[in-house]
Amino acid sequence: MVRFDDLHLRDGTPIYLQIIQHLKAGIAAGTVQDGDELPSRRTLSALLGVNPNTIQKAFRMLEDEGLISSRTGSKSFVCLSHEQSQAMQEQLPHTQTLEYIGKMRAMGLTRSQTVSLIETLWKEDVP
């Protein structure tokens, strides 16, 4: 079963995108695998304290990407090929890093300041 109890919702990003990102991060980390069962929409809605339509939107988008498979009135499962999983493991860290670099540049930080910040926070083992 794919776990969502460690998903901490943040302001500023739509919840359905955070749910999608959480699943993709699990795939990239190898903790979410092909065939893993997802919680029901109702269960996930209650767990996260969000509207069921938000969960439905996230699941629909994941289905459109071919990352999960759902049937009406049935359970939803992660549906990954080895190639999809491998691509996610390579692509997601790259994309996230580019976004971070863009944000640091927008704040006026230099490369060395950004690297220094990462090294400092890495040592502190910040979650």
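## Arg41 and its polar contacts

In this predicted model, the side chain of Arg41 makes a polar contact with the side chain of Ser76, at 3.2 Å. A second polar contact, of 3.5 Å, joins the side chains of Arg41 and Ser70. Arg41 itself lies in helix α2, and the C-alpha atoms of Arg41 and Lys75 are separated by 9.2 Å, although these residues are 34 apart along the chain.

If you set aside its neighbours within four places in sequence, Arg41 is in contact with Ile55, Gln56, Phe59, Glu63, Ser70 and Ser76. The two serines of the polar contacts, Ser70 and Ser76, are therefore also on this contact list.

## The chain as a whole

Now let us step back and look at the overall layout. The protein chain has 5 helices and 2 strands, and along the sequence they follow the pattern α-α-α-β-β-α-α. Taken along the principal axes, the C-alpha atoms fill a box of roughly 55 × 35 × 25 Å.

The chain has 127 residues, and 27% of them count as buried. Which share of the contacts joins residues at least 24 apart? Among contacts between residues at least 6 apart in sequence, the share is 57%.

## Leu48, a buried residue in helix α2

Helix α2 covers residues 41-48, and Leu48 is found in it. Leu48 counts as buried because its relative accessibility is 13%, and the cut-off for buried is under 20%.

What does Leu48 touch? Leaving aside neighbours within four places in sequence, Leu48 is in contact with Phe4, Leu7, Leu9, Ile19 and Ile55. Take Phe4 from that list: Leu48 and Phe4 are 44 residues apart along the chain, yet their C-alpha atoms are separated by 8.1 Å.

Helix α1 runs over residues 15-29 and includes His22. Gln18 has its place in helix α1 too. At 18% relative accessibility, His22 is under the 20% cut-off and so counts as buried. Gln18 is also buried, with a relative accessible area of 2%.

Where does the side chain of His22 reach? It meets the backbone oxygen of Arg3 at 2.9 Å. Not counting residues up to four places away in sequence, His22 touches Arg3, Phe4, Asp6 and Leu7. For Gln18, leaving aside neighbours within four places, the contacts are Leu7, His8, Leu9, Arg10 and Thr13. Leu7 turns up in the contact list of His22, in that of Gln18 and in that of Leu48.

Thr54 is found in helix α3, which spans residues 52-64. Leaving aside neighbours within four places in sequence, Thr54 is in contact with Ile15 and Tyr16.

Which residue has its charged end over the ring of Tyr16? The answer is Lys57, whose charged end sits 4.1 Å from the centre of that ring. As for pairs of aromatic rings, the count comes to 0.

## The largest pocket

The largest pocket has a volume of about 1,100 Å³. Its lining is made of 22 residues, and those nearest the pocket centre are Gln21, Gln96, Thr97, Glu99 and Tyr100. The elements that give two or more residues to this lining are α1, α4 (82-106) and α5 (111-124).

Which element gives the most to the lining? That is α4, with 9 residues.

## A residue in helix α5

Ile118 is found in helix α5. This isoleucine is partly exposed, with a relative accessible area of 38%. That value lies between the cut-offs, since buried means under 20% and exposed means over 50%. Ile118 and Gly108 are 10 residues apart along the chain, and the distance between their C-alpha atoms is 16 Å.

Definitions and conventions: Residues numbered from 1 in each chain as written. Predicted model: local features only at pLDDT ≥ 70, side-chain atom pairs only at ≥ 80, totals over all residues. Heavy atoms only, no water. Helix = DSSP H or I, 4+ residues; strand = E, 2+ residues; numbered from the N terminus. Contact = heavy atoms within 4.5 Å. Buried < 20%, exposed > 50% of the residue type's maximum accessible area, 1.4 Å probe, protein only. Polar contact = N/O pair within 3.5 Å; in protein donor to acceptor, adjacent residues only side chain to side chain. Phe/Tyr/Trp six-rings, centres within 6.5 Å; stacked < 30°, edge-to-face > 60°. Lys NZ or Arg CZ within 6 Å of the ring centre and 35° of its normal. 1 Å grid on protein atoms, 1.4 Å probe; cavity = no way out; pocket = protein on both sides within 12 Å on 5 of 7 lines; lining within 4 Å. Points joined across faces, edges and corners; volume = space filled by probe spheres on them.
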